[in-house]
Amino acid sequence: MPRTEPTRCFWARDPLDVVYHDREWGVPVREDRRLFEFLLLEGAQAGLSWITILKKRAAYRRAFGGFDPRKVARFDAGDVRRLLGDAGIVRNRAKIDAAVANARAFLAVAAEHGSFARYVWDFVGGRALQGRRRSRRDVPAETELSRALSKDLRRRGFRFVGPTICYAFMQAVGLVNDHTRDCFRYRAVTRLGQARRSSRSAAAMRRPRSASTRRPVTARAAAGQPK
């Protein structure tokens with residue numbers, strides 16, 4: 001008998017999209033290096049399709065030091081020239097400059113909060129928001145929370161982090177579960193989003209803040225968010 005494909009979210013059509021959708025999209029990410037990877041890739045996508053970036057992902061990994069923000073933060077003018085000559089990535093000067101600037105800002109946030117993961121997960125109170133979308137029409141391009149994240153990142157010197165890019169980032173790293181309810185991954189990703197943090201992650205999230213640290217807007221404080 002022919003194999004019946006499971007129901008997936010509307011955008012997963014290309015074989016590479018399907019693999020990404022089935023294995024990664026919406027799975028909570030709490031490791032800084034992977035968060036930096038998605039922040040870089042989502043910024044690179046601006047004005048392009050996600051499948052274009054997925055096809056270049058391996059080239060980006062090679063070009064940007066395995067997505068290690070410490071390595072990217074040390075890139076100089078020579079590295080920028082190298083990247084501008086790399087046909088495997090999007091050779092856009094503004095996006096390349098932004099990737100380097102964002103690596104430096106990323107490390108500053110991690111130093112201030114103990115980790116970038118702690119900072120960004122604080123926006124949703126430490127647990128993934130559940131979108132419970134019935135169809136593609138219910139999936140927003142941006143939300144009040146993504147606008148708050150965008151505003152705070154820009155204040156910290158990040159670039160290519162508009163509200164739409166931030167919401168795509170939030171979806172990718174599991175800050176919000178936007179698998180539609182008919183998608184076969186919906187239940188599994190919901191369970192992952194509700195799972196307890198590892199003891200190491202939980203300890204990092206509980207680490208005391210300095211009095212000068214500005215607490216980001218959380219899901220409860222942002223209006224119009226999924227319950």
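How much space lies in the largest pocket? About 470 Å³ of space lies there, and the legends below begin with that site. This is a predicted model, in which local features need pLDDT of at least 70 and side-chain atom pairs count only at pLDDT 80 or more, while totals for chains, interfaces and linings use all residues. Residues are numbered from 1 along each chain as its sequence is written, and side-chain values use heavy atoms, with hydrogens and water left out.

View 1. The lining has 24 residues, of which Trp25, Gln45, Trp50, Ala168 and Gln171 are the closest to the pocket centre. Two or more lining residues come from each of H1, H2, helix H3 (50-55) and H10, and H10 gives the most, with six residues. Helices are DSSP runs (H or I, at least four residues) numbered from the N terminus. A pocket is an open set of points on a 1 Å grid over the protein atoms alone, where a 1.4 Å probe fits and protein lies on both sides within 12 Å along at least five of seven lines; lining residues have an atom within 4 Å of a point. The volume is the space filled by probe spheres set on the points, which are joined across faces, edges and corners.

**View 2. Glu37 in helix H2 (residues 32-45).** Because its relative accessibility is 5%, Glu37 counts as buried (under 20% relative accessible area, with a 1.4 Å probe and protein chains only). Its side chain makes a polar contact of 2.8 Å with the side chain of Arg57 (a pair of N or O atoms within 3.5 Å, one able to donate a hydrogen and the other to accept it; residues adjacent in sequence count only if both atoms are side-chain atoms).

**View 3. The aromatic pair of Tyr20 and Phe38.** The structure holds 11 aromatic pairs (rings of Phe, Tyr and Trp, the last by its six-membered ring, with centres within 6.5 Å; planes under 30 degrees apart are stacked, over 60 edge-to-face and the rest tilted). The ring centres of Tyr20 and Phe38 are 6.4 Å apart with planes at 40 degrees, so this pair is tilted. It links distant parts of the chain, with Tyr20 in helix H1 (residues 15-23) and Phe38 in helix H2, 18 residues apart.

**View 4. Arginine charges over rings.** The charged end of Arg30 sits over the ring of Trp121, 3.8 Å from its centre, and that of Arg82 over the ring of Phe75, 5.3 Å from its centre (for Arg, CZ within 6 Å of the ring centre and within 35 degrees of the ring normal).

Terms used:
Buried means under 20% relative accessible area, exposed over 50%, partly exposed in between (1.4 Å probe, protein chains only).
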